[in-house]
Amino acid sequence: MHQIEMPEFAAPDTNAAVDPVVVHDVTAEERTEIVALAGTLTGPDHPLVDTPQWLSAALNASSLLPRTLLHALRAFRHDPGPQGTLLLRGLPVVAGEQLPPTPGVPNSVEPVPTTAAAVIATVMLQLGEVIAFRNEKHGHLVQNVVPVPGHEVSQSNAGSVLLELHIENAFHANRPDYVGLLSIREDPTGDAKLCTSSIRRALPLLDADVLQVLAEPRFRTDAPPSFGARDGDGDGARSVHPILQGDLADPNVVVDFAATHPQDDMAKIAMAALRDAFVTTMSAHRLQVGDLAVVDNRVTVHGRTSFVPRYDGSDRWMERVYAHLDNRRSRVDRPGGSPVLG
Ligand SMILES: O=C(O)CCC(=O)C(=O)O
Ligand SMILES: [Fe+2]
C-alpha cells in the first residue's frame, strides 16, 4: 500500500488581522437571551437529547436565537468564506450549573440536556439537520471530545498525539456537511489547537498536473478508528474516489490524511503536495470557553496539534455536533427516519 510521509505540522501563529476565518462575537445582551432560550430545553423535566421530543423542541428554539447570530449562520451557509470556518465567540456553556470534571472514558456523550448541549444543538439546527452515526459514539447526537487514557496515539478525538488533517467521516457517502466544536473547558497546557485549512486557499498553491491527479479516482479511504476500526486497519473494500470533486475552480475535498490511501505513485505525490498546501495555509485556533468553531466539511479539513493530557478532570473538553443540509439525501441511511445513520 502507498503511504505518504507526514512530518508533524506546527500550528502557525494566527494573526487576527489577516486570519481568513469568519468570526462572529456574541454580545453580553445576546448571551443573556441565549441562556434564557437554553433554559427552555434544559433541566431534569426535559427528555434526553436524543429523543424526538427534545430535538423537536430544540428545532423550535433554534429559530429564536438572536437575529445577528441567525444572520451569521445563514451567511456562512450561503458561502463559507476562504477558510470554510466560522468562529462564534462568547456563547454561554453553563448557566448556574457547575461544570463536572472532564470525563475520561471512551465514547463519552452528552445525553442529558445541559446548557452547552442546548447551545450547540440549537446553533447547528440553524445550519442543517443534526445527525450522528450508529457505529460512532453509539449514535448520540451531542458528543464529548476529550482525551482518553490509553488512547493517546489514536487518530481520533480521544487521542492526544497530532491528529492528522481530515474531513469528517470521509469514507461515508452521507458524511456531515458541517462539524461544530464547542469549547467548554480549555486545555490547561494551551498546546491543543484546532487547525483548519480549506481547499479554497490551498488550490492556488497546487500545479495543474497535481490538481488533475487529485481529481481522478486514485484514492481509497477507510473508516476512522472512531468507527471501531483499528488505526491503519481499514476494510479496504471501499471504492476508489477522487480527492477533489466538482468544479476544479472551487472543488469539494474528500480526504483524511490518516485514512486515505493513494493507489499509485503519482497519486501519492499529489496527495503529499496537497497536504503541504494545507499546512501552509492553515489557521490554528486555541479555543476559549464559549467558542464554537463550525467547519464546512465540504471544503475544509481540520486536525489538532498534540498535547499532554493530565487525566485529572481538568483536561480540554469540547462538545461536537454534526449537521447536514439534506435530510432526504441521507434518508436511505436513516432507518425509520431517525437522525442516526445506520
Ligand atoms: O480536538 C480537536 O480539536 C478536533 C477533534 C476532531 O477532529 C473531531 O472531534 O472531529
Ligand atoms: Fe474531526
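Modeller: A word on terms before the site itself: donors are N, O and S atoms within 2.8 Å of the metal (3.2 Å for Na, K and Ca), and since water is not among the atoms, sites may look incomplete. This is a predicted model, in which local features need pLDDT of at least 70 and side-chain atom pairs count only at pLDDT 80 or more, while totals for chains, interfaces and linings use all residues. Residues are numbered from 1 along each chain as its sequence is written, chains are lettered from A and ligands numbered from 1 in the order in which they are written, and side-chain values use heavy atoms, with hydrogens and water left out.

Colleague: OK, which protein donors does the iron ion have?

Modeller: The iron ion (ligand 2) has His166 (NE2), Glu168 (OE) and His302 (NE2) as its protein donors, lying 2.1 Å from it, and the spacing of these donor residues in sequence is H-x1-E-x133-H.

Colleague: Is Glu168 buried or exposed?

Modeller: Glu168 is buried (under 20% relative accessible area, with exposed meaning over 50% and partly exposed in between, using a 1.4 Å probe and protein chains only), because its relative accessible area is 5%. His166 also counts as buried, at 9%.

Colleague: Switching to ligand 1, which side chains make polar contacts with its oxygen atoms?

Modeller: Taking a polar contact as a pair of N or O atoms within 3.5 Å, an oxygen atom of ligand 1 lies 2.9 Å from the side chain of Asn157, while a polar side-chain atom of His166 is 3.1 Å from an oxygen atom of the ligand and one of Arg316 is 2.8 Å from an oxygen atom.

How values were computed:
A polar contact is a pair of N or O atoms within 3.5 Å; within protein, one must be able to donate a hydrogen and the other to accept it, and residues adjacent in sequence count only if both atoms are side-chain atoms.
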